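Let's work through a few charged side-chain pairs together. Have the model open, and try each exercise before reading its solution.

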Amino acid sequence: MIEKSQVLQKRAEQWSKYTNITSLQLGPFVPQVLGPVMFSLELDGEWITKISCETGFTSRNVEIGIESRAWYSTLPLIDHIDAESSVFFELAYALAIEQIADLPVSPREQGIRVIFSELNRIQLHIKYLVRVAEAVGAQSAVQYLLRDRDGIIELIELLTGVRFGYGYIIPGGVKCDVTEGFLERVLEATDVLRIRIREIQEVFIFSDIFLERAKGVAKISPEMTKKYGITGPNRRASGDGFDVRLVSAYSGYELIDFNQEGLEVMTGDCLDRVFYRTYEMGQSASILRQVVEKMSHYDGFAPKNWSKDLRIPSGQGFSRVESTRGVLGCFLVSDGGSRPAKIHFSTPSRSIISGLPEIIPGTNLEDFPLAIASLDISMLEIDK
Amino acid sequence: MKSEALSSIAPGIELFTAQGFSLLVATALAHVFIFGLMLYPFYFWFTALERKVGADVQARVGPTFSGAAGLFQSIADQVKLVIKRKNNFEFPILSIVMLGLLFLQVGTIPFTRELVFIRTEVSPFLFLWFVFLFNFSFWFYGTKSRLVRDEVVLNRWMIQTIAGLMPAGIATFSALVGLTNFDWASILSRQGFYPWQWRIFASPFEFVNFFIFILAGALTTSSCSFSQAFTVVSAQRNSAHLPGVRFFVLANFVTVGVILFLGGSLLPGFILESQWAIENPLLLQLLSWVVLMAKVMTVLSGLFVAERVLPQLSSRQATRFGFHFLLPLSILVYIGALVWRIFD
């Protein structure tokens with residue numbers, strides 16, 4: 001006697017011949033994501049109905065590595081968690097140590113930190129726009145953007161001496177003072193940037209082809225951001241103005257005049273996410289200008305004792321900073337020894353990727369690269 | 001009758017008209033060879049230029065070991081693509097056969113008035129049929145063999161091809177209004193009677209018609225079978241083969257468009273034979289090639305620059321553009337050209 005479940009299974013097999021559901025695996029190297037990830041898509045015709053992600057291709061156990069190193073040699077590893085946005089990891093780590101050890105930071109060094117962070121935020125948003133432009137094949141926009149990014153990176157090089165893997169922010173301040181003429185060049189760059197942002201908006205974002213293509217793609221509702229803990233520009237592009245720099249200001253952001261108001265008009269689709277990044281770049285330029293103007297009142301840079309015999313008193317600290325992708329948290333425990341007892345980073349990309357099964361379904365297969373690029377996912381942060 | 005018409009417009013026709021099948025094929029091959037020899041260095045140079053400009057913007061050096069003016073970079077890219085691909089035997093054979101057919105049909109296009117190799121009833125539609133056949137064969141093979149797993153991708157590219165080829169076909173029909181025969185000889189015999197010797201100035205409809213034809217060509221050749229329309233998907237599929245093929249077919253489109261609408265190898269308001277009194281057929285032929293290719297390369301450069309400046313159309317957008325804009329417009333232009341012909 002045939003059981004009912006067998007009958008149902010047979011019927012399902014028969015029906016599967018007539019449905020148009022196929023599966024597609026993309027990855028592990030998807031150009032729109034920083035780092036390897038495997039996406040498994042289920043398609044109904046050309047519409048995505050289901051998505052799942054396989055992660056862990058670059059798992060390096062950096063946190064364990066940091067815990068096994070002496071305090072003074074942890075900085076290079078912190079930089080290598082996500083080489084692109086290493087400045088925010090450095091800052092979160094330094095803030096956590098300062099919280100435990102109660103280290104004071106001079107206003108000048110806090111200003112330098114803000115300048116450094118905002119310069120990085122601008123160059124990372126430009127890199128984000130490059131990924132989006134590549135996803136839709138806007139080659140000239142890519143070249144324009146990379147040219148502008150290089151100018152910002154040159155400024156960072158002038159400040160830190162390197163273009164990549166800075167090791168510049170250390171607990172208690174920064175490694176060295178700004179070089180002569182740096183602040184003036186930052187002011188010049190902010191002026192140029194305002195023109196460039198307008199240019200990119202006209203060339204790329206407000207072109208009819210892109211407007212039509214990106215509108216309504218992969219929407220994130222404000223409820224969804226709360227459900228999955230999505231923060232940063234993705235959350236603000238959904239109409240929620242949550243920003244750590246305003247909610248719990250750090251490193252002197254409380255002295256700067258900026259806000260995240262009037263974002264209610266944002267709908268949280270791909271177009272708004274891309275547009276909001278350009279808006280935020282302008283905001284960063286304004287912050288830079290304010291800080292540079294304040295910097296002339298602050299002086300006094302003192303070299304730090306960041307050497308082999310360094311000890312951090314026992315205790316635990318938690319810091320959070322507004323990274324380019326969202327809220328980056330650092331939880332640090334010290335037992336007074338020569339190395340950290342426990343360290344953990346909570347990264348913004350993790351919450352974005354956990355929300356993908358709700359964000360992506362309903363998207364056309366063709367728009368998938370664009371949708372993924374617009375979410376700004378870094379697998380290096382996730383597989384740390 | 002036709003040969004007389006040809007002889008009247010082209011004095012050197014007796015010398016260069018092929019007789020016999022083997023000679024026909026040989027001359028057609030030579031024709032393709034010259035076409036490739038004149039166009040591909042331009043393509044290589046354009047690709048190398050693009051890479052160099054991109055590198056310069058990013059403060060990189062760009063491709064270095066690429067020969068004089070970067071001319072061999074594209075060849076190296078193509079070789080790498082072929083070598084690195086894992087394939088069964090069928091796909092390369094199909095590619096070679098279809099590409100061979102596509103390349104051979106170039107022999108039927110009259111690049112110069114002195115050089116009409118195949119004196120049959122060949123019309124400009126042959127080229128459009130070959131492009132359709134090229135796409136259709138890969139669509140059919142991909143669907144049946146499951147080599148390309150997504151029917152979605154295949155169907156999309158087929159629909160996009162049709163969305164481009166239909167306006168192109170109707171635009172060609174409009175260009176042939178008033179002719180009893182649609183063959184190349186009749187088209188050539190009609191050249192030279194318009195302002196600047198360009199047919200686009202014959203009527204406003206012809207002017208629009210040229211742009212419809214060229215845009216339809218760009219639309220057709222941007223389908224997945226010729227280039228990477230699907231940014232991610234094609235990176236893992238067989239559809240990302242040989243972007244040089246795309247260039248070749250687009251150059252074909254532009255060449256046909258130039259012969260139909262821009263006077264082919266004729267200089268604007270200038271007749272080589274009479275004004276320069278050039279009697280040597282070989283020299284005439286060479287000069288005609290140069291004039292034609294200059295026109296083709298100018299139009300191609302415009303297309304390339306426009307493509308680089310604008311974001312790429314998604315396949316859906318492209319199909320919609322073809323069916324909702326180009327096709328109705330081409331039908332309107334066809335009716336307009338007919339009415340113009342009646343009252344002219």
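Helices (H or I, at least four residues) and strands (E, at least two) are DSSP runs, numbered from the N terminus. This is a predicted model, where local features need pLDDT of at least 70, side-chain atom pairs count only at pLDDT 80 or more, and totals for chains, interfaces and linings use all residues. Residues are numbered from 1 along each chain as its sequence is written, chains are lettered from A in the order in which they are written, and side-chain values use heavy atoms, without hydrogens or water.

**Exercise 1.** Find where A:R289 and A:E293 lie, and how their side chains meet.

*Solution.* 
- Step 1: Both residues belong to helix α12 (residues 270-295) of chain A.
- Step 2: They are four residues apart, about one turn of the helix.
- Step 3: A:R289 is partly exposed at 22% relative accessibility, and A:E293 is partly exposed at 46%. Buried means under 20% relative accessible area, exposed over 50%, and partly exposed in between (1.4 Å probe, protein chains only).

**Exercise 2.** How many salt bridges does a search of the whole structure find?

*Solution.* Over all chains, the search gives 34.

Notes: A salt bridge is a side-chain nitrogen of Lys or Arg within 4 Å of a carboxyl oxygen of Asp or Glu.
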